[in-house]
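We will go stop by stop.

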Amino acid sequence: MDDKPLDSELTRLAAEYHEPPPPPREEIWERIAAARRQPSRTIEFRRIARVALPMAAVLALAFAMGRWSAGEGIAPSDSAIAVMTPMNDSAGAGSLVYRAAATRHLQNAGVYLADFRNAALRDEASPAAGSARELLVSNRLLLSSPAIEDPEIRNLLEDVELLLVQIAQLPAEGVRADTSLITDGLDAVDLLTRIRAEVTPSPAARPQGVI
Amino acid sequence: MTDSYLIARVLAGDAAAERSMYDAHVDRVWRLVYRIVGDADQAADCVQETFIRAFSRLSGFRGESTLGTWIGSIAISTALNAVRSLKRRGARVVSIDDAPEPGVDPQGGDPDLKQRLHAAIDALPKGYRTVFLMHDVEGYTHEEIGAALSIASGTSKAQLSRARARLRSALGAFAPES
């Protein structure tokens, strides 16, 4: 191994590489102070709402279609689970709306997790943990919905949740050991392949003019 | 004022303590991020983001390294992300293939050792360049570099050796004898 320091002339010239001028201390401090005065909770709420509200709207639509399709056969006081039980062709529409929401969410989660895995393999910075938190909100909405029927979707959402929780808790500067554990977990359950299989419909499975 | 006292004051919401913490570390952070990004506006953005992240995550600081090293690790992560964004936009792409051949001056005049050295530093892989700049230019120890980059100090030493070897190789006969 070459442990010799560079020649003193090279060391002197290297010191001129991107030689820093004096820092604009006050200007930077003012920007930091202004940024810290921002109401970050509002920003965080808006970011979450941007993802969660459309998802909630889709779920609400699924519920509404389930109630509408159940018609007179189900009393208004019956549970939401009963509402989402397919009673006839129209009742299946509610399930399809839920499936559409779940598929879209799993597509987004799959892209994010693939980015995370690729960044970890290349030893680069992970994609923003904020995105993991946003996906976690959607994931929990879908998991807690009574409209969930497909056990494979439930298993996928539960596995996605475990990984998103770990990613959301990673420190900002990242810890390689933690990142490796997450990517190992991702590979151990073959999650990306299962997500791809779930979100890529076979031609026969495509809904025909229901939604 | 000790690190632990300063941290306690900042966590208690003492604005003067925040400013003290900033004043204590801003010069080193600025030098480090400027060496990496090479642009005053980008460096100012990185320093700003470094301290915002440091203040917001201070409650999670477990004292496994010094406060300065911990802030330095945030600064490096921020600066490397900034460089990556610049590269994505094509603003600062330097490849080893773009560096002039050793001993050949494309201008046909006197070779410029400084220019060639800087081009060779630009062409170093990200990890080598960061360790070289931190150790040989900014004077960090391998232990500090290891803590800041989450690598073993032995890895830091190995990367520095390889960085120096690549620089010597890139400069070829042009480099002065050591």
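Which side chain does Glu18(B) meet in a salt bridge? Select Glu18(B) and Arg36(A): their side chains form the salt bridge, 2.5 Å from N to O. The term means a side-chain nitrogen of Lys or Arg within 4 Å of a carboxyl oxygen of Asp or Glu.

A note on the model before moving on. This is a predicted model, where local features need pLDDT of at least 70, side-chain atom pairs count only at pLDDT 80 or more, and totals for chains, interfaces and linings use all residues. Residues are numbered from 1 along each chain as its sequence is written, chains are lettered from A and ligands numbered from 1 in the order in which they are written, and side-chain values use heavy atoms, with hydrogens and water left out.

**Stop 1: the interface.** Show chain A against chain B. The rule finds 6 salt bridges across this interface. The two chains bury about 4100 Å² between them, 58% of it on carbon and sulfur atoms. Buried area is the accessible area (1.4 Å probe) that two parts lose on being put together, summed over both. Now pick Tyr17(A), Arg25(A) and Trp29(A): in chain A they lose the most area to chain B, together 17% of what that side buries.

**Stop 2: α2(A) on α2(B).** Select residues 25-37 of chain A for helix α2(A), which packs on α2(B) at about 125 degrees, axes 11 Å apart. Helices are DSSP runs (H or I, at least four residues), numbered from the N terminus. Axes are lines fitted to C-alpha atoms over the stretch in contact, and angles run from 0 to 180 degrees between N-to-C directions. α2(A) is therefore oblique to α2(B). Oblique is what remains after under 35 degrees (roughly parallel), over 145 (roughly antiparallel) and 65 to 115 (roughly perpendicular). Colour the contact (heavy atoms within 4.5 Å): Trp29(A) and Arg36(A) are among the α2(A) residues, and Glu18(B) and Trp30(B) among those of α2(B).

**Stop 3: α2(B) and α3(B).** The contact includes Glu18(B), Met21(B) and Trp30(B) of α2(B), and Phe51(B) and Phe55(B) of α3(B).

**Stop 4: α1(B) and α2(B).** Select residues 3-11 and 15-37 of chain B; the axes of these helices come within 7 Å and cross at roughly 135 degrees. Leu6(B), Arg9(B) and Val10(B) in α1(B) meet Ala17(B), Glu18(B), Ser20(B) and Met21(B) in α2(B).

Definitions and conventions
Helices (H or I, at least four residues) and strands (E, at least two) are DSSP runs, numbered from the N terminus.
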